[in-house]
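Colleague: I have a model open and want to learn how to read it. Please take me through it feature by feature.

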Amino acid sequence: MKKVSKILQSLLLALIIVSCANFTGGGKEATKDEPEFVNLQEGQGIFAGKIYDDRNIIPVHEISFTGHTQIGGIRRESDDSINVLDFAKIKELEILKENYVSPRYQDKEYILAKTISNNGAITDDLLIPRNVVICAISTQTDMEKAWYLRKIKKIIIERDLRIARSEALQEKIKSDQEEEKEETFFGKIKRGFSKATKAIEVK
């Protein structure tokens, strides 16, 4: 009897463990369907712009593909090439179709997207993997945000903050130098005027 009781207790304990595992596992499975924010990796460009999410236009900075400002493995409907999408080289990325089955690559599902490059060239047949994630920091709230690329309408790249900051610094240095020259010029005039006044007083 004792052996039977121990066996029953063991079975009951195993059943409880399995049930608990199933309850806790459900939450973990659900989170797999959500994009996760990843900080911008060191050495990457720092880009600011706007993300169009439904009817919302969200000013953001540190835009990246999960920490990187370029992503490979991008195909085109018009040829067999593998392409690299780089935020440094585009000013707009627009999602044309969230779910797209390519006639050329019928075994895979893609996002159909369009880009406008910095020189104005338009590419409207880019095939991007469906699970690509976009990360950015809200400029207004400073909140870290993440989207599946397929869920947004458009990304506008307005400026590279590294370049903008560098240009601002150069402008500041130039302005300070001009002020210094101006002060030196007026300082010389003031000194000359002061000497002339003293000479007149002596006479």
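Colleague: Is D54 buried or exposed?

Modeller: First, the ground rules. This is a predicted model, where local features need pLDDT of at least 70, side-chain atom pairs count only at pLDDT 80 or more, and totals for chains, interfaces and linings use all residues. Residues are numbered from 1 along each chain as its sequence is written, and side-chain values use heavy atoms, with hydrogens and water left out. Now the term: buried means under 20% relative accessible area, exposed over 50%, partly exposed in between (1.4 Å probe, protein chains only). D54 is exposed, at a relative accessible area of 52%.

Colleague: Where is D54 found?

Modeller: D54 sits in the loop between β1 and β2. Strands here are DSSP runs (E, at least two residues), numbered from the N terminus. The hairpin of β1 and β2 has two residues between the strands. D54 is not a glycine, yet its phi is positive, about 55°.

Colleague: What is the phi of E62?

Modeller: Near 55°, again a positive value in a residue other than glycine. E62 lies in strand β2. E62 is partly exposed, with a relative accessible area of 27%.

Colleague: How many bridges join β1 to β2?

Modeller: Strands of a sheet pair through backbone hydrogen bonds, either parallel or antiparallel. The rule for a pair is at least two DSSP bridges between two strands. Strands β1 (residues 47–53) and β2 (residues 56–64) run antiparallel, joined by six bridges. Y52 has I57 in β2 as its bridge partner. Three bridges join β2 to β8 (residues 133–138), also antiparallel. There, V60 stands opposite S138.

Colleague: What is the order of strands in the open sheet?

Modeller: Ten strands, with antiparallel pairing: β4-β3-β7-β6-β5-β10-β1-β2-β8-β9. β4 and β9 (144–148) are at the edges with a single partner strand each, so one side of each has no neighbour in the sheet.

Colleague: How much space lies in the largest pocket?

Modeller: Rolling a probe the size of a water molecule over the atoms shows where empty space is left. A pocket is an open set of points on a 1 Å grid over the protein atoms alone, where a 1.4 Å probe fits, with protein on both sides within 12 Å along at least five of seven lines; lining residues have an atom within 4 Å of a point. Volume is the space filled by probe spheres set on the points, which are joined across faces, edges and corners. Here the largest pocket holds about 230 Å³. Its lining has 14 residues, and V84, L85, I90, T115 and L126 are the closest to its centre.

Colleague: Which strand gives the most to the lining of the largest pocket?

Modeller: β4, with four residues.
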